[in-house]
Amino acid sequence: MSELLQLTPSHLWFFFDKFCQIPRPSKHEAALSQWIQDWAKTQGISVKVDPAGNLILKKPATPGFEQRKSVILQAHIDMVPQANADTAHDFTKDPIQAYVDGEWVRARGTTLGADNGIGAAACLAVLADDSVQHGPLEVLLTVDEEAGMGGAFGLQAGWLDGEILLNTDSEQDAEAYMGCAGGVDANIRFAMQRETAPLHYQAFRIQLKGLRGGHSGVNIHQDRGNANKLLSRLLLDLQAESIHLASLSGGTLRNAIPREAEALILVEPARVDAVLALVAERTQVLQNELKEVDSHLQIVMTPAESPADCFSAADQRRLLQLLVACPNGVIRMSHAIEGVVETSTNLGVIQTRAEGVYIQCLIRSLNDEGRHYVQQMTASLCALAGVDCQFDGAYPGWAPNPDSPALALLRQKHEELFGELPKLMVIHAGLECGLFKAQYPHWDMVSFGPTIQGAHSPDERVHIPAVARFWQLLVAMLAAIPNK
């Protein structure tokens with residue numbers, strides 16, 4: 001029996017345990033969606049699938065609560081697929097190996113999917129638990145949130161009747177979220193010229209690993225190491241030793257701070273010792289630079305099979321200069337909300353392809369002007385480098401509403417239950433709430449959730465006591481929703 005089934009609240013952990021057994025990376029949610037539909041039908045719960053693939057489940061009000069305002073509970077069912085380099089895991093086929101570690105639930109070598117699996121499990125637990133009192137209730141489970149918010153983009157007007165939306169995609173206990181950042185993807189394509197690899201040169205693979213990674217919004221202010229930036233800096237230094245670069249790759253998702261990157265280089269035999277010495281020197285420099293935030297950085301250089309070709313010298317230099325100059329991290333802190341990042345960007349993905357090198361960044365900002373500024377910065381840099389840059393997938397932020405009745409109710413219930421008011425926050429991440437406003441401008445929205453650390457990385461873990469408090473607060477909120 002799974003350890004998770006021994007935890008409370010039992011309904012919530014039952015569903016999360018089931019989610020761990022059914023693979024659900026972004027764009028591969030079909031199996032879980034079907035399981036939820038089948039479960040709902042056995043419970044007599046209305047369920048339908050909209051054109052975007054989102055699930056909408058409805059349950060009538062508890063007797064005596066029919067006149068309450070109707071509520072939408074909302075979560076996304078996809079998860080970020082990240083695994084350690086030494087973990088063999090197919091996220092489209094293999095279950096997540098979740099386990100209890102003291103007060104935390106973790107996964108073995110992979111992301112856990114507590115983001116947003118705990119929230120989605122809570123939504124279904126409300127439907128399953130007839131002891132929970134509520135008015136007319138809808139549950140909206142979206143798809144493809146982590147890979148571009150496809151489900152939220154595709155949500156159409158007229159599918160939901162509720163007035164208050166409770167989003168469960170926040171990741172810190174004792175905090176109430178009333179706004180979020182918007183974002184846009186920067187897609188950079190560098191059409192590299194290749195040339196025949198020089199004869200008699202020795203090939204080496206350089207791997208940079210051991211970084212913490214993390215969520216490119218929630219963790220961006222912590223200055224964690226970005227493997228793509230760090231390896232690019234090293235390679236630019238190695239230009240002094242006349243290396244030839246054959247390939248470069250790092251990161252897998254634009255919304256995760258890259259933990260690992262690697263390059264294939266060619267070195268003239270007479271310069272091998274000098275290259276090894278420079279790599280060792282730069283490793284020590286970078287380890288010292290990051291010792292307070294990323295203490296396990298490693299750079300490993302090992303012999304490799306020689307490639308047939310490599311980048312031209314001119315394109316190699318332009319590529320490395322572009323990557324070193326590319327903006328990354330916090331661009332501006334908010335002056336309106338203390339301690340909150342206003343604008344940031346994450347150099348999330350580098351891939352060497354047949355046609356050249358593909359680079360993807362995710363730009364986030366609480367306002368459109370901040371996003372526009374970093375778009376200008378990135379586009380200008382690419383223009384100077386002579387490479388193509390296109391922006392897509394833009395989504396709006398969720399403008400804070402301090403006067404929200406739902407927010408006021410959440411604060412009241414939190415104080416009654418736990419003896420303190422929750423901290424009011426605006427999250428520097430892309431909640432789906434901003435997109436929902438486009439089709440349902442009348443919705444009153446608030447977001448809350450349990451403590452989840454290390455989201456978007458294999459260090460992800462969820463705090464078991466915080467899940468219990470999150471459930472208590474959710475149940476109390478539903479019972480206290482006012483009449484229409």
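Arg282 is buried, at a relative accessible area of 17% (buried means under 20%, exposed over 50% and partly exposed in between, with a 1.4 Å probe and protein chains only). This is a predicted model, in which local features need pLDDT of at least 70 and side-chain atom pairs count only at pLDDT 80 or more, while totals for chains, interfaces and linings use all residues. Residues are numbered from 1 along each chain as its sequence is written, and side-chain values use heavy atoms, with hydrogens and water left out.

The side chain of Arg282 meets that of Asp237 in a salt bridge, 2.8 Å from N to O (a side-chain nitrogen of Lys or Arg within 4 Å of a carboxyl oxygen of Asp or Glu). Asp237 lies in helix H5 (residues 227-238) and Arg282 in helix H6 (residues 272-290), so the pair ties together parts 45 residues apart in sequence. Helices (H or I, at least four residues) and strands (E, at least two) are DSSP runs, numbered from the N terminus. Asp237 is partly exposed, at 31% relative accessibility.

## Other salt bridges

The whole structure holds 17 salt bridges. In one of them, the closest N and O atoms of Glu241 and Arg271 are 3.4 Å apart. Glu241 sits in the loop between H5 and strand S13 (244-250), and Arg271 in the loop between strand S15 (261-267) and H6, 30 residues apart. Glu241 is buried at 18% relative accessibility, whereas Arg271 is partly exposed at 28%.

Asp368 and Arg371 form a salt bridge of 3.8 Å, N to O. Both belong to helix H8 (residues 368-385), where they are 3 residues apart, or about one helical turn. Asp368 is exposed, with a relative accessible area of 52%, and Arg371 is buried, with 16%. Lys58, Glu138 and Asp161 are linked in a network of salt bridges.

## The largest pocket

The largest pocket is lined by 26 residues, of which Gln172, Val218, Asn219, His221 and Gln222 lie nearest its centre. A pocket is an open set of points on a 1 Å grid over the protein atoms alone, where a 1.4 Å probe fits, with protein on both sides within 12 Å along at least five of seven lines; lining residues have an atom within 4 Å of a point.

Strands S8 (175-180), S22 (423-427) and S24 (452-453) each supply at least two lining residues. The largest share, 3 residues, comes from S22.
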